[in-house]
Amino acid sequence: MLAVDTGVVEEWLSEFKTLPEASISSYATSLKDKTALISSLYKVIQDPQSELLEPVCHQLFEFYRSGEEQLLRFTLQFLPELMWCYLAVSASRDLQSSGCIEALLLGVYNLEIVDKEGHSKVLSFTIPSLSKPSVYHEPSSIGSIALTEGALSQHGLSRVVYSGPHPQREMLTAQNRFEVLTFLLLCYNAALSYMPAVSLQSLCQICSRICVCGYPRQQVRKYKGVNSRIPVSSEFMVQMLTGIYYAFYNGEWDLARKAMDDILYRAQLELYPEPLLVANAIKASLPQGAMKSNKEGTRCIQVEITPTSSRISRNAVTSMSIRGHRWKRHEQPENGNDATELGNFIIPEISVTSVAGERTGNGEKSRALAENDVQHLQGVQETATDPRTDSKGMPEIRRQKSVRKMMEDGINSSGRVQF
């Protein structure tokens with residue numbers, strides 16, 4: 001650790017002690033912009049033998065219990081690195097070096113499991129129904145859902161899962177270690193949208209290290225330092241995947257992809273069904289190419305928005321659709337015959353009355369009128385083009401003869417035209 005980093009951290013430790021209470025809010029807001037301080041604090045946490053580690057952990061705990069939201073989030077951003085340092089020291093069985101880190105993790109845990117009045121918290125989570133649209137899915141894309149009696153009885157009902165109350169912990173043991181760490185990672189994931197890029201990078205890196213240390217894949221990743229296996233629980237891996245899924249779409253595609261592959265690798269070795277299900281679901285939902293998102297710009301996930309206006313599905317089976325289908329089936333042969341016989345020909349209207357409305361006499365005049373109409377039809381047929389019979393001559397001649405025969409048969413013995 002350089003002397004410059006040591007000086008920055010020491011100044012930060014002394015600055016907060018002399019800070020008046022009225023200036024805490026503005027001081028907390030300015031902390032997120034001090035990149036040099038954040039980088040120096042990471043170096044202190046990564047060095048278990050550093051003399052500044054204990055006062056730094058004490059200061060971070062003071063930030064967390066101060067009640068100021070910005071100070072609380074400032075401590076939370078170091079949580080992944082703190083958990084990795086604790087697990088690495090525990091794997092090496094040098095528990096004395098992790099005493100201050102363990103105290104900080106326990107302090108944050110004991111503060112989070114109770115409310116402001118000191119009562120135990122009971123967290124609730126609502127599981128969304130697949131029959132209703134959300135930002136993650138559309139019911140129409142899943143397929144038809146059978147409207148059984150059981151499905152109708154469950155429609156509109158929300159399933160709520162409760163977590164807690166959690167017991168107070170005075171020390172971390174092998175039995176309760178991952179129960180505490182899983183809850184802490186849950187608190188970190190609840191504030192993911194406020195975490196800076198360096199914290200997301202730390203999360204992805206420690207997830208990869210935890211999952212591959214002590215396994216053959218550690219040689220591929222070229223991780224050094226810890227060579228023994230670090231036990232993990234299924235619930236802890238699911239919480240890791242939650243944070244990694246957020247990192248995918250917030251500028252850390254490469255690190256998140258590597259971390260997800262390592263978690264999937266470890267879940268396959270451990271035969272954990274929950275991490276396997278979540279990791280494969282995330283992998284299947286990812287776009288083909290890497291997300292080229294600007295870390296300083298807008299971050300979003302493209303989803304399909306359900307229209308606000310009510311609509312009836314085209315595939316819905318109703319009495320009107322069945323009746324219309326029956327009519328269409330009966331009318332289809334007649335329409336087909338008409339289209340085959342007449343095609344695109346225009347049949348002129350034949351008037352059987354004179355201009356004044358008087359009926360014409362029988363004889364040659366009516367017959368001549370019918371013959372002129374037939375000739376007019378033949379002229380129209382010669383100018384009309386049918387794409388189906390454009391390259392064939394015989395069907396066109398046959399159609400002309402049928403039309404002429406129809407017109408001639410329509411003239412009765414009295415010289416009147418009938419239809």
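Mentor: Start with Ser-50, in the loop between α3 (35-45) and α4 (53-64). Keep in mind that this is a predicted model.

Trainee: Is Ser-50 buried or exposed?

Mentor: Burial is read from relative accessible area, and under 20% counts as buried. Ser-50 has 15%, so it is buried.

Trainee: What does the side chain of Ser-50 reach?

Mentor: The backbone nitrogen of Leu-52, at 3.3 Å.

Trainee: Now helices. How many of the eight residues of helix α5 (residues 69-76) are buried?

Mentor: Count burial residue by residue along the helix. In α5 six are buried, so the helix is largely enclosed by the rest of the structure. They are Leu-71, Leu-72, Arg-73, Phe-74, Thr-75 and Leu-76.

Trainee: Which helices do the buried residues of α5 pack against?

Mentor: Their partners are α1 (3-17), α2 (24-31), α3, α4, α6 and α10.

Trainee: Take α6 and α10. At what angle do their axes cross?

Mentor: For a helix pair, read the angle between N-to-C directions; over 145 degrees counts as roughly antiparallel. Helix α6 (residues 79-91) and helix α10 (residues 177-190) cross at roughly 165°, and their axes come within 10 Å. That makes α6 roughly antiparallel to α10. The crossing is left-handed.

Trainee: Which residues make the contact?

Mentor: From α6, take Leu-79, Pro-80, Met-83, Tyr-86, Leu-87 and Ser-90. From α10, take Arg-177, Phe-178, Leu-181, Leu-184, Leu-185 and Tyr-188.

Trainee: How do the residues of that contact divide?

Mentor: Sort them by side-chain class. Between α6 and α10, 10 are nonpolar, one is polar and one is charged.

Technical notes:
Residues are numbered from 1 along each chain as its sequence is written. This is a predicted model: local features need pLDDT of at least 70, side-chain atom pairs count only at pLDDT 80 or more; totals for chains, interfaces and linings use all residues. Side-chain values use heavy atoms; hydrogens and water are left out. Axes are lines fitted to C-alpha atoms, for helices over the stretch in contact, and angles run from 0 to 180 degrees between N-to-C directions. Helices (H or I, at least four residues) and strands (E, at least two) are DSSP runs, numbered from the N terminus. Angles under 35 degrees count as roughly parallel, over 145 as roughly antiparallel, 65 to 115 as roughly perpendicular and the rest as oblique. A crossing is left-handed if the near helix is turned anticlockwise from the far one by less than a right angle, and right-handed if clockwise. Contact means heavy atoms within 4.5 Å. Ala, Val, Leu, Ile, Met, Phe, Trp, Tyr, Cys and Pro count as nonpolar, Asp, Glu, Lys and Arg as charged, and the others, Gly among them, as polar. Buried means under 20% relative accessible area, exposed over 50%, partly exposed in between (1.4 Å probe, protein chains only). A polar contact is a pair of N or O atoms within 3.5 Å; within protein, one must be able to donate a hydrogen and the other to accept it, and residues adjacent in sequence count only if both atoms are side-chain atoms.
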